[in-house]
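Please keep the model in view while reading.

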Amino acid sequence: MFGKRKHTPQIDKDQLEILENAQRRVKQKKRLYLHFVLFLIGSVFLIIANTFLGIGKDITFFGKEWFVFAIIIWFFLLIYHVFNVFVTHKFMGKAWEQKQLEKLVSKQQERIEKLKANLVQEETLKLEREDLAEIQPKPTKKKSELTIIVAAAENNAIGKGNQLIWHLSDDLKRFKALTNAHHIIMGRKTFESFPKPLPNRTHVVITRQADYKVPDGVIVVNNLEDAIDASRNDVQPFIIGGGQIYEQALNLADKIELTRVHHDFEADTFFPEIDHSIWKETQNTFHQKDDNHDFEFSFITYERKL
Ligand SMILES: NC(=O)c1ccc[n+]([C@@H]2O[C@H](COP(=O)([O-])OP(=O)(O)OC[C@H]3O[C@@H](n4cnc5c(N)ncnc54)[C@H](OP(=O)(O)O)[C@@H]3O)[C@@H](O)[C@H]2O)c1
């Protein structure tokens with residue numbers, strides 16, 4: 001579409017010089033080889049011409065036939081050629097090689113100088129960054145992950161008459177597994193909806209009543225902030241309801257473990273709407289309706305974006 005690009009050779013001056021020199025050497029050696037072959041054929045021809053064909057049979061020097069001297073002179077010429085190729089040109093080649101080597105060394109030295117300069121610059125920058133990092137306060141990692149755990153219908157219904165509306169055994173199992181050995185923070189009404197405290201969990205009950213009586217081991221506080229403070233040594237305290245406490249905790253929580261029951265229910269208590277600009281869904285597992293579960297439901301995890 002855009003036509004052929006003009007081809008520009010990517011070879012530089014020095015490389016070209018190396019190439020030309022190599023080609024020259026090959027040609028010199030080829031010529032020498034040809035000369036040697038010609039010498040052999042020529043010598044045989046001179047011997048035959050003189051001995052068998054009788055050419056210049058009467059010409060002799062110092063009592064020897066002329067072809068002997070012709071061959072000797074040619075032989076010396078050949079020796080001179082050999083000397084030229086392997087000694088004279090080799091010495092010339094050495095001088096050239098030396099020049100190339102010097103050029104290469106000076107180029108490498110230039111590069112080393114540049115690298116050294118870059119290294120010094122990088123070191124200075126690194127030190128500056130380290131100094132800056134020391135001055136700047138380090139972000140402190142949050143100690144615990146406050147997690148809301150809730151089962152809510154499609155219309156956000158969560159309870160009626162201070163009771164849960166449905167029975168989903170897998171949801172209860174998940175609740176037990178996730179909250180096991182943790183603090184569970186709840187409103188007074190939710191606490192009263194249990195027949196007795198749940199085993200192996202630390203209950204934190206929120207009430208405005210001054211003398212609210214609870215079994216041993218249950219912590220009573222008068223507001224949500226105190227409940228969170230009472231759970232500060234837990235890596236993952238859970239807010240387990242009900243409606244009033246969820247409403248207040250949604251702004252403070254880091255995570256929501258929601259069981260979304262795919263059905264609408266009549267209710268008197270509801271979970272607040274989840275704002276998707278604040279909460280990011282990170283996990284979602286769907287469960288079919290079956291003999292133990294009257295409704296379809298999904299386990300959904302949300303994490304706070306901001
Ligand atoms: N589906 C679920 O996952 C789920 C989970 C839990 C509960 N639930 C349901 O939710 C319903 C109960 O929820 P709910 O909203 O009625 O009650 P709740 O939130 O459990 O408890 C409300 C009580 O908590 C205390 N409280 C609330 N805010 C307070 C504050 N800022 N400071 C001090 N005390 C405070 C008050 O106790 P005092 O009146 O004693 O002062 C208030 O009456 C039930 O139907 C239950 O089954 C559903």
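Q: What distance separates the centres of domain 1 and domain 2?
A: In this predicted model, the centres of domain 1 and domain 2, taken over C-alpha atoms, are separated by 90 Å. Domain 1 covers residues 13-135, and domain 2 covers residues 147-304.

Q: Where does the annotation "domain: DHFR" lie?
A: According to the UniProt record, an unreviewed entry, the annotation covers residues 145-304. Within the span 145-304, 19% is helix and 33% is strand, and the end C-alpha atoms lie 11 Å apart.

Q: Why is strand S3 called largely enclosed by the rest of the structure?
A: A residue counts as buried if 20 or more other C-beta atoms lie within 10 Å of its own. Seven of the seven residues of S3, residues 147-153, are buried, and therefore the strand is largely enclosed by the rest of the structure.

Q: How many bridges join S3 to strand S9?
A: Seven bridges join S3 to S9, residues 255-261, and these strands also run parallel. Alanine 153 has valine 261 of S9 as its bridge partner.

Q: Why are strands S7 and S11 said to stand at the edges?
A: The open sheet has eight strands in the order S7-S6-S5-S8-S3-S9-S12-S11, with mixed pairing. S7 (219-221) and S11 (279-287) each have a single partner strand, so one side of each is left without a neighbour in the sheet. From one strand to the next, the twist averages 25 degrees.

Q: Which residues are closest to the ligand?
A: Of the 28 residues that surround the ligand, the closest are Gly159, Gly187, Gly241, Gly242 and Gly243. Elements giving two or more residues to this shell include S3, S8, strand S4 (157-159) and helix H6 (243-249).

Q: How do the residues of the shell divide into nonpolar, polar and charged?
A: The shell around the ligand holds nine nonpolar, 16 polar and three charged residues. Gly is counted among the polar residues.

Notes: Residues numbered from 1 in each chain as written. Predicted model: local features only at pLDDT ≥ 70, side-chain atom pairs only at ≥ 80, totals over all residues. UniProt positions renumbered as here; feature names shortened; annotations may be inferred. Helix = DSSP H or I, 4+ residues; strand = E, 2+ residues; numbered from the N terminus. Domains from an automatic or database assignment. Buried ≥ 20, exposed ≤ 12 C-beta atoms within 10 Å, placed from the backbone. Pairing = 2+ DSSP bridges. Near = placed C-beta within 6 Å. Axes fitted to C-alpha atoms, helices over the stretch in contact; angles between N-to-C directions.
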